[in-house]
Amino acid sequence: MIDIHCHILHGIDDGADSMAESVAMARIAYEDGVRDIIATPHFNSLWRNEAGLVRRKTAELQRKLDQAGIAVTIHPGNEVRLENKATFMRDTEQGAYCYLDDAGRFVLLEQRWAEYDPDTPELVAWLLARGTTPIVPHPERHHFFRERPELVERIVAAGAWLQVSADSLTGRSGDDVQRFADWLVDRDLAHTLATDAHNVNRKPNLSEGFRRVRERAGQERADQIARRMAGILQRPSAAD
Ligand SMILES: [Fe+2]
């Protein structure tokens, strides 16, 4: 399995506190069946973890995992917050943040917590025209999406994918969040799953998310999601 959203790099946002905690998180993920983790430190107005720093920290953690014999590959990424249209477009054009993959085909594009950004469908179209599919993390945790599900349907219709968090599906983020996460699964809007793990307590638990999807939507749906996620890290072939 691949975890596409994880705050495993230490000391640069509200994720892991220390290298020891990063290694412990990787071990938990490995035991849960994960073999690839895309490290997605925050890229927003509070924590602006730019691409160069993320790549250095990713390589540093990989060396530690190799020394410790933990067979997990860490890939550089970011959880990019849409603070506003102009800033996001400028940061994209300047290559300020890391995509989820080397080829830049996917970006984790988060909403602000206060309110929905009405420029989102326009930016989804703009990104798609550049060859990038935005993946919107944890819509179920945003009150405006729970209150107005049509906003979610609108950005999916524009071409975005959604990422539902394992903690939401297990009920760890509350009943309202779980209800909306289930709603997304039931409508086949949970395009991807991830842990959004931050430490060894809010820990990697991807298999729990997949279990809930299997219970509600069946094995074939879970397999379809897993295949879609595996495709994120596959380089497009020359024939594409
Ligand atoms: Fe996150």
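Begin by selecting helices α8 and α9, whose crossing is right-handed (the near helix is turned clockwise from the far one by less than a right angle). The model is predicted, with local features needing pLDDT of at least 70 and side-chain atom pairs counting only at pLDDT 80 or more, whereas totals for chains, interfaces and linings use all residues. Residues are numbered from 1 along each chain as its sequence is written, and side-chain values use heavy atoms, with hydrogens and water left out.

Helix α8 covers residues 175-186 and helix α9 residues 206-217, and their axes come within 10 Å and cross at roughly 60 degrees. Show the side chains of Gln-178, Asp-182, Val-185 and Asp-186 on α8, together with Arg-212, Val-213, Arg-216 and Ala-217 on α9, which make the contact (heavy atoms within 4.5 Å).

Follow the chain from His-7, in the loop between β1 (2-6) and α1 (19-31), to Asp-196, in the loop between β9 (192-194) and α9, and you will have linked distant parts of the chain, 189 residues apart.

Finally, select α3 (residues 85-93) and α4 (residues 120-129), whose axes come within 11 Å and cross at roughly 15 degrees. The two helices are therefore roughly parallel to each other (angles under 35 degrees), and α3 passes α4 in a right-handed crossing.

Notes: Axes fitted to C-alpha atoms, helices over the stretch in contact; angles between N-to-C directions. Helix = DSSP H or I, 4+ residues; strand = E, 2+ residues; numbered from the N terminus. Parallel < 35°, antiparallel > 145°, perpendicular 65-115°, else oblique.
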